[in-house]
Amino acid sequence: MRTTDKIVIIGLLLGSVWLFFAGKNAGDKREIPPKKLHELMLQKHRDISADELTRRIINGDPMLQIVDVRNEKQYNSYTLPGAINIPLEDIMKTDNLAYFDQDVLNTVIFSNGTSDAQIAWNILTRLGYKNLTILRGGLNNWFETIILAKPPTGPYDKESDDLYQFRNGARVYFGVGASSETESAPKPKVRIPIIKRKKKEVEGGCS
Amino acid sequence: MGPLYPQGLISEPLNLLIALFIGIGFGIGLEAGGFTNTRKLAGVFYGYDFVVLKVFFTAAMTAAIGLFLLDSYGLMDIELTFYPKTFWIPTTIAGIVMGLGFIVGGFCPGTSVCAAVTGKIDGIYFVTGAFLGIFGYAFTYEPLFETLRNSGGLGKVNIASELGISDEMFIFIVTVIAVIAFIVTDRIQKKVNSKNPVENIEELGL
Amino acid sequence: MVGFKLNLKEMNKLNLFFTFLAIVILSSCSDSNMRRYAKSPDQILKEYLNDEDFISPGEMLKIAEAPDPKYHLIDIRTPDLYIKGHLKNAINVPLHDALNPKYKNVFSQGNVTNIIYGTGNEDVVDLYLMFNELGVKGNKFFKGGYIFVASGGKSEANINDEKPAYNFAEKLKELAGAAGTTVQTPVKKKAKKPVIRRKKREVEGGCS
């Protein structure tokens, strides 16, 4: 029996030492594997269009959380209604990560373009946070699409026309008159989303 | 991949079926290791046969090392595995009671069922007694045991984080302790057996 | 009833066999480089903020005009766009296929540097992230897009997508003035620091 004992002992010791080399540091425990992350990156539904986001803002979607990853100066100059500012370089600070540590709200990340938002999305998704989307085209594209909306050219097409009417109406919401009307901008009701903490306490164990 | 059932990757019937096969393997292992024999089991307390200690330490360390390795390689998510909350008072008392039962009866719960199923009369008595105890506890829980059972709650305690060391370090330390335990108990076993030889259980045909 | 006993020798052999199997399985898993990240999130962030691995429009135009054997051009747009027009000597590796092992030799070529371009910044930044995370080296990225390069730098394309296209506040005021409305300043959320919950997913478990 001595030899099996010895083999077992050596095996266990080797195994426990192996742990040190295979081990990832504690932070990795929550990360999703690279393969899964890259699959998610190539999916198109991590984008949200300017029109869709505008719709949600105007409807006062309580599940919406908007994050502006530009620097403070740009944020203070102009930002989307209800957006919170988390500059890209600060995205990994624990305080800021807390905004993403929930699976109730739908978070839309935006910057002037998309590169910065992509980086933020990538890092946060890698760390295991969910319900994150990127504003397609960023603030630049949003501004051109909504605020600078141009009437459709060419033969009448209901869909294009509806879209233009929607954007025109949205302009009013954001404080820019539609065409030559002089009514004052309606004060938007900013609803602060109630973060419902869904604690699923499952009873377990026995004996 | 992770633990299959908590993530909904397999259905409950399949989960139970796998559990059945694991149980069968467990029973085979116990019986093949001679764990249905009370004299072998109680040997831990008298010092002439430390097989119980060796087997359980080996099993625990294999499971721990295996689980954490699988976790490191992404095959498992250890955060999804369950371990119960710690209530140190009732656990200590129950440990003492179980230890007494083990020495007196020669079985622990799992091995007793094994022995009962192979037809050993003492195993059957042990299992009956265990059931009486379980039902007795269940029916007298509210008046007698509820406060005791909920006392000393410490929440989910992870020893490694409590001591401030990493999981790997903790497992390594316990492995080293296990190895030392193997060596020491071997010496004790030899000494006890040379002084007071107990016939090899297998040769007794028990 | 007598319990059956496996012959000691057989049990040893069985044990060794299973241990060996376990080791083989586990070690084969570690080889796959798709499983582990080469850089931590902090590193990725820092390198991106330092603009490492990105080349400027000027450099890109130079390389596109004068083919240099030191550089390989790779076009990561979809095949239909590539066929319509691509830079001279550029090969096509569509983004959605770029991690296919068959392209492994294309992207890690040792002494040759790959210059990667696409439709603009979106696809290029995605590949940049994927390669950094997997530790693929020897690639430089251009965010400006094909149209900019093909036009010799003359197209109106915004080559730095993170530059604000307008001074939003001013432009809004201007438009509002024209329409006779007043722009309300966007309500900025007073960032309430949310309580950091340790989200312990309580999993039901068993006992012994």
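## Chain A at a glance

Buried residues make up 33% of the 207 residues in chain A. Here a residue is buried if 20 or more other C-beta atoms lie within 10 Å of its own, exposed if 12 or fewer, and partly exposed in between, with C-beta atoms placed from the backbone.

As for contacts (two residues whose C-beta atoms, placed from the backbone, lie within 7 Å), residues 24 or more positions apart account for 63% of those in chain A with a separation of 6 or more.

Residues are numbered from 1 along each chain as its sequence is written, and chains are lettered from A and ligands numbered from 1 in the order in which they are written.

The model scores ipTM 0.75 and pTM 0.60. Chain C has a mean pLDDT of 77, and 70% of its residues reach 70 or more; pLDDT is the predictor's confidence in each residue, from 0 to 100. Among the elements of chain C, helix α4 (residues 79-84) has the highest mean pLDDT (92) and helix α1 (residues 8-31) the lowest (63). Where pLDDT is low, the predicted coordinates should not be read in detail.

## Helix α3 of chain C

In helix α3 of chain C (residues 57-65), M60(C), I63(C) and A64(C) are buried. Seen down the axis of α3(C), the buried residues fall within an arc of 100° (taken from the directions from the helix axis to the C-beta atoms), so they line one face of the helix. The face turned away from that buried side carries the exposed residues G58(C), K62(C) and E65(C).

What covers the buried residues of α3(C)? The cover includes β1 (71-75), β3 (113-117) and α7 (146-150) of chain C.

## Strand β1 and its partners

Four of the five residues of β1(C) are buried, so this strand is largely enclosed by the rest of the structure. Strands pair if DSSP finds at least two bridges between them. β1(C) pairs with β3(C) in the parallel sense over five bridges, and the partner of Y71(C) in β3(C) is T113(C).

β1(C) is also joined by two bridges to β2(C) (residues 91-92), again running parallel. In β2(C), I91(C) is the bridge partner of I74(C).

Definitions and conventions. This is a predicted model: local features need pLDDT of at least 70, side-chain atom pairs count only at pLDDT 80 or more; totals for chains, interfaces and linings use all residues.
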